[in-house]
Amino acid sequence: YMTQVFIQIRAGQEENLLRKLEEMRKENKHTFPGTVARYFAHSQTDASDLQILLIWRGTVMPDEATRDAALYGLREELKDLLDWESAHIEMHEVLMHT
């Protein structure tokens, strides 16, 4: 399973976001139990576009309420840096991976 979050970085917050993400990585925060990979990808064509990609392992993926709570924790941590009001979130079932 895969969760994609398409979101805008608030104006002037790119550097602060990079610092915050590095801090979160060092502190091992927001690891989303049940995920095998967590990516934060910055668009190369639009500096304000960010994509968050969470790859879940189906056999240990937590229930929806637990996943929502983990995403809410990230949202709270980054609320001053990302425009969560306009975020678009999609959940996908992976059909094949190699």
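Which residues are exposed on the other side of H1? The structure examined here is a predicted model, in which local features need pLDDT of at least 70 and side-chain atom pairs count only at pLDDT 80 or more, while totals for chains, interfaces and linings use all residues. Residues are numbered from 1 along each chain as its sequence is written, and side-chain values use heavy atoms, with hydrogens and water left out.

Helix H1 spans residues 14-26; helices here are DSSP runs of H or I with at least four residues, and strands are runs of E with at least two, numbered from the N terminus. H1 has 13 residues and reaches 19 Å from its first C-alpha to its last, close to the expected 18 Å, a span defined as 1.5 Å times one less than the number of residues. Leu 17, Lys 20, Leu 21 and Met 24 are its buried residues (buried, under 20% relative accessible area; exposed, over 50%; 1.4 Å probe, protein chains only). These residues lie on the same side of H1 because they cover an arc of only 100 degrees around the axis, taken from the directions from the helix axis to the C-beta atoms. On the other side of H1, the exposed residues are Glu 15, Leu 18, Arg 19 and Lys 26.

The buried residues of H1 pack against E1 (2-9), E2, E3 (49-56), H2 (64-77) and E4 (82-92), with contact meaning heavy atoms within 4.5 Å. Just after H1, Asn 28 has a positive phi of about 55 degrees.
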